Amino acid sequence: MDQPTVGILHPGSMGGAVAACAATNAAAVLWCETGRSTASVERATRFGLTPVATLSELLDRSDIVISLCPPAAAEDLARDVAGHRFAGVYVEANAINPERTQRIAALLPDATVVDGGVVGSPPVRGKMPTLYLSGPTEATARVEALFADTAVQAAVLGTDVGKASALKLSYASFQKTSRVLVALAVGMAREHGVDQELIEVASRRTDSYLSEPQYVAKTATRAWRWGPELEEAADTLAAAGLPPEMLRAAASTLARWNDTKDSELTLTDALDRLAQP
């Protein structure tokens, strides 16, 4: 199979690292630098991505486009792509609910849409996330081949667009909400001077997030992205007739940390910010 040219929309911490893995089996990986931040430029340069001046150029040259952006921007980005009548493979890899993924597929009648969901941390420093895929067989096979022998492990779930998104949000609803509950439990214990005792109790059990309170600070700096993802998961629960309130409450809690993106926080900093309405 010929090496495809790949476009990445947009190279954030996850998108840039995933794109760098795709470069192993691609002729080139393109990104549009117009209007992007200095941090995005530095990240794309570090990952060895090829800059282009316009979205139109990226789409004209790309055989496969991967969309990895904040959930709220996913449909607007797809509309921009649709406006250029992109006719290649469009990998909708954002953390959005299955219904939104299907709406995006409908927005792109000229493209072949593959549903994608990344489970795990960005593929750097030995991390090996899994990119779950669902959609037309030939297209998912092309995307799977793109990540062969890289730190991104591709796994095909079937042909139904929406399956990969459902799996991603099912996992995220547990994993991210659990981290929020750790912050609330440690914050409550700290208020009464028993936070170290709480951690000691939790440490007697295996696989308890409560025994990793240092992760609360990392949770805070990722809140701007995790909150919208949990809202998407809550929508998915509601669509299934299941109660979404717990995930919406976790998203509301995360919103208290929305201004900590890219900050260097300690556990104390994070808990102090959480206590401020």
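Predicted model: local features only at pLDDT ≥ 70, side-chain atom pairs only at ≥ 80, totals over all residues.
Is Asp 235 buried, partly exposed or exposed, and at what relative accessibility? Asp 235 counts as partly exposed, because its relative accessibility is 32%, a value between the 20% limit for buried residues and the 50% limit for exposed ones.

**Salt bridges**

- A search of the whole structure finds 14 salt bridges, and those described here involve residues of helices 4, 5, 10 and 11.
- The side chains of Asp 235 and Arg 248 meet in a salt bridge with an N to O distance of 2.9 Å, and this pair links distant parts of the chain, since Asp 235 belongs to helix 10 and Arg 248 to helix 11, 13 residues apart.
- Arg 248 also forms a salt bridge with Glu 231, where the closest N and O atoms are 2.8 Å apart; here too the pair links distant parts of the chain, with Glu 231 in helix 10 and Arg 248 in helix 11, 17 residues apart.
- Glu 231 counts as partly exposed at 32% relative accessibility, and Arg 248 is likewise partly exposed, with a relative accessible area of 30%.
- Another salt bridge joins the side chains of Arg 103 and Glu 75, at 3.2 Å from N to O; because Arg 103 lies in helix 5 (residues 98-107) and Glu 75 in helix 4, this pair ties together parts that are 28 residues apart in sequence.
- Arg 103 counts as partly exposed at 43% relative accessibility, whereas Glu 75, at 12%, counts as buried.

**Helix 7 and helix 12**

- Two packed helices are described by the angle between their axes and the distance between the axes.
- Helix 7 and helix 12 (residues 267-274) pack at an angle of about 90°, with their axes 10 Å apart, and they are therefore roughly perpendicular to each other.
- On the helix 7 side the residues that meet helix 12 are Ala 183, Leu 184, Val 186, Gly 187 and Arg 190, and on the helix 12 side they are Thr 268, Leu 271, Asp 272 and Leu 274.
- Arg 190, which is partly exposed at 29% relative accessibility, touches residues including Asp 195 and Leu 271; Arg 190 and Leu 271 are 81 residues apart in sequence, but 9.0 Å apart in space from C-alpha to C-alpha.

**A nonpolar patch and a tryptophan**

- Leu 181, Leu 184 and Met 246 make a nonpolar surface patch of about 280 Å², in which Leu 184 counts as partly exposed at 38% relative accessibility.
- Trp 224 lies in helix 10 (residues 223-239), counts as partly exposed at 28% relative accessibility, and touches Pro 70, Asn 258 and Lys 261.
- Although Trp 224 and Pro 70 are 154 residues apart in sequence, their C-alpha atoms are 8.8 Å apart in space.

**Backbone features**

- Most residues other than glycine have a negative phi, and most peptide bonds are trans.
- Arg 85 has a positive phi of about 55° although it is not a glycine; Arg 85 lies in the loop between helix 4 and strand 5 and is exposed, with a relative accessible area of 59%.
- Asp 262 also has a positive phi, near 65°, and this residue lies in the loop between helix 11 and helix 12, where it counts as exposed at 68% relative accessibility.
- The peptide bond from Leu 9 to His 10 is cis, with omega near -10°, and His 10 lies in the loop between strand 1 and helix 1.

Note on methods: Residues numbered from 1 in each chain as written. Heavy atoms only, no water. Patch = residues over 30% accessible without salt bridge, like charges linked within 9 Å, V, L, I, M, F, W, Y side chains within 5 Å. Areas by Shrake-Rupley, 256 points an atom, 1.4 Å probe, with all protein chains shown as cover. Salt bridge = Lys/Arg side-chain N within 4 Å of Asp/Glu carboxyl O. Buried < 20%, exposed > 50% of the residue type's maximum accessible area, 1.4 Å probe, protein only. Contact = heavy atoms within 4.5 Å. Axes fitted to C-alpha atoms, helices over the stretch in contact; angles between N-to-C directions. Helix = DSSP H or I, 4+ residues; strand = E, 2+ residues; numbered from the N terminus. Parallel < 35°, antiparallel > 145°, perpendicular 65-115°, else oblique. Lists of a residue's contacts leave out its neighbours within four places in sequence.
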